[in-house]
Amino acid sequence: MKAFAIVVAIAVACVTRANGAATEEPRTIRHVPPYGDLNGSNFTYPFPLKTYKFKSQLQEVEMAFMDIAPTCKPNGKVAICLHGKNFCAPTWEATARKLAGEGYRVILPDQVGFCKSSKPESYQYTLQQFSYNTRNLLRELEIENVTVIGHSLGGMTSIRFSLMFPDIVERLVLVNPIGLEDWKALGVPYKSVDNLYIVETSSNYTTIREYEQSTYYVGHWREAYDVWVNMLVNIYKGSEATTFAFNQALVTDMALSAPVVYEFGLLQPRTLLLIGERDTTALGKQWSPPEVQAKLGHYDVLGKQAAAAMPNADLIEFPDLGHAPQIQEPGRFHEALLGWLST
């Protein structure tokens, strides 16, 4: 009888494990190759790549991200770097290596609609949704406190993220963020999503390089910048080109319709603005009348105004740099960033 009882117990345990395996929820985070086509991008990423799968707006989507461990004694801190509209997570590679060398764990996500993340055919893009998705990714990774670093549209998103989740943001770093002014209130005419989509579908190497050379690099060009242009061209011409172009039109409409400038005074974290003063970025500037264009995108003024409006902000300006100081002059940029983070 004793032997029979043992056999029964083993059988019950096996059935229980089998049933558990059958009903187990699929893992929301999985490893994927950093090379090859994923959601319309075949750019090779510099670190091991993962995806975070979740439901949003009644559909399954996934965010691609890189999770970089410290390369020295860990300092117990985590930094998350948010990309801009014309960049992807890999553009933060040099910054991630510097931060990891200081003991940070670094998270580099692609937002939904961008790069190696999902390109939904229908999605309500808001800064709040980007922030909510980012917070859920951090929660899935069991990260409770972060230093948030955002560039361009990623800076605008970082501001909204910090307003929504002030309790988890230890520090906020804004690198030439867009949203330092309200373009619509300054006279930028409305452009429909349909018209924005037409503009997006015409994007190619020449149009992207001309724009970035003018605003990102102040008229200068180095061969190394081609990597980032081709990364973007690759998506505009990739396996999900049409959906990507439509997503980008929706994102532009979102940014034009969702100013953050009126809420700077509500920011709680200690904040650093890293501003290339020769940046002239302004959404809608290219289709605005000359008298409106003249009022837009003066980062030599906007940086100072933003720092004055934020309760606990420091400002470091680069008088000779444009919209992407972390790419244009990484040495000076990282010296400034790491110096501030160490204080």
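Reply: Gladly. Keep in mind that this is a predicted model. We start with a helix on a sheet. Helix H4, residues 153-164, lies across E4, E6 and strand E7 (169-175). H4 runs at about 145 degrees to E6.

Me: Which residues does Thr157 of that helix touch, not counting residues up to four places away in sequence?

Reply: Thr157 is found in helix H4. Leaving out those sequence neighbours, Thr157 touches Leu82, Gln111, Leu127, Phe130 and Ser131.

Me: Is Thr157 buried or exposed?

Reply: Buried means under 20% relative accessible area. Thr157 has 3% relative accessibility, so Thr157 counts as buried.

Me: Now the sheet. How do strands of a sheet pair?

Reply: The general idea comes first. Strands pair through backbone hydrogen bonds, either parallel or antiparallel. Here, nine strands make an open sheet with mixed pairing. The order is E1-E2-E3-E5-E4-E6-E7-E8-E9.

Me: Which are the edge strands?

Reply: They are strand E1 (29-32) and strand E9 (313-318). Each pairs on one side only.

Me: How many bridges join strand E4 to strand E6?

Reply: Four bridges do. E4 covers residues 78-82, E6 covers residues 146-151, and the two run parallel.

Me: Which strands does helix H3 touch?

Reply: Helix H3, residues 127-140, packs on the sheet. H3 touches E1, strand E2 (49-56), strand E3 (59-68), E4, strand E5 (105-109) and E6. The direction of H3 makes about 120 degrees with that of E2.

Me: Next, disulfides. How many are there?

Reply: To spot a disulfide, look for two cysteine sulfur atoms within 2.5 Å. The count here comes to one disulfide. It joins Cys88 to Cys115, with S to S 2.0 Å.

Me: What is the handedness of the link between Cys88 and Cys115?

Reply: Read the angle about the S-S bond. For Cys88 and Cys115 that angle is -90 degrees, and the link is left-handed.

Me: Where in the chain do these two cysteines sit?

Reply: The pair links distant parts of the chain, 27 residues apart. Cys88 is in the loop between E4 and helix H2 (93-100). Cys115 is in the loop between E5 and H3. Both Cys88 and Cys115 are buried.

Me: Which cysteine sulfur is nearest to that of Cys72?

Reply: That of Cys81, 16 Å away. Cys72 is in no disulfide. With a relative accessible area of 33%, Cys72 is partly exposed. Cys81 is in no disulfide either. For Cys81 the nearest cysteine sulfur is that of Cys115, 14 Å away. Cys81 is buried, with a relative accessible area of 0%.

Me: Let us turn to rings. How many aromatic pairs are there?

Reply: A search of the whole structure finds 15 aromatic pairs. To read one, check the distance between ring centres, then the angle between planes. Tyr52 and Phe54 are 4.7 Å apart centre to centre, with 20 degrees between the planes. Planes under 30 degrees apart count as stacked, so this pair is stacked. Tyr52 is buried at 6% relative accessibility, and Phe54 is buried at 10%.

Me: What kind of pair do Tyr123 and Tyr125 form?

Reply: An edge-to-face pair. The centres are 5.0 Å apart, and the planes make 65 degrees. Tyr123 is buried, with a relative accessible area of 5%. Tyr125 is buried, also with 5%.

Me: Which residues form one aromatic cluster?

Reply: Phe87, Tyr211, Tyr216, Tyr217, Trp221 and Tyr225 do.

Me: Where does the charged end of Arg171 sit?

Reply: Over the ring of Trp340, 4.8 Å from its centre.

Me: One last residue. Where is the place of Leu296?

Reply: Leu296 is in the loop between helix H9 (290-293) and helix H10 (299-309). Leu296 counts as buried at 0% relative accessibility. Set aside its neighbours within four places in sequence. Leu296 is then in contact with Glu181, Trp183, Leu186, Val188, Ala282, Lys285 and Ser288.

How values were computed. Residues are numbered from 1 along each chain as its sequence is written. This is a predicted model: local features need pLDDT of at least 70, side-chain atom pairs count only at pLDDT 80 or more; totals for chains, interfaces and linings use all residues. Side-chain values use heavy atoms; hydrogens and water are left out. Rings of Phe, Tyr and Trp (its six-membered ring) pair if their centres lie within 6.5 Å; planes under 30 degrees apart count as stacked, over 60 as edge-to-face and the rest as tilted. Buried means under 20% relative accessible area, exposed over 50%, partly exposed in between (1.4 Å probe, protein chains only). A charge sits over a ring if NZ of Lys or CZ of Arg is within 6 Å of the ring centre and within 35 degrees of the ring normal. Two strands pair if DSSP finds at least two bridges between them. Contact means heavy atoms within 4.5 Å. Axes are lines fitted to C-alpha atoms, for helices over the stretch in contact, and angles run from 0 to 180 degrees between N-to-C directions.
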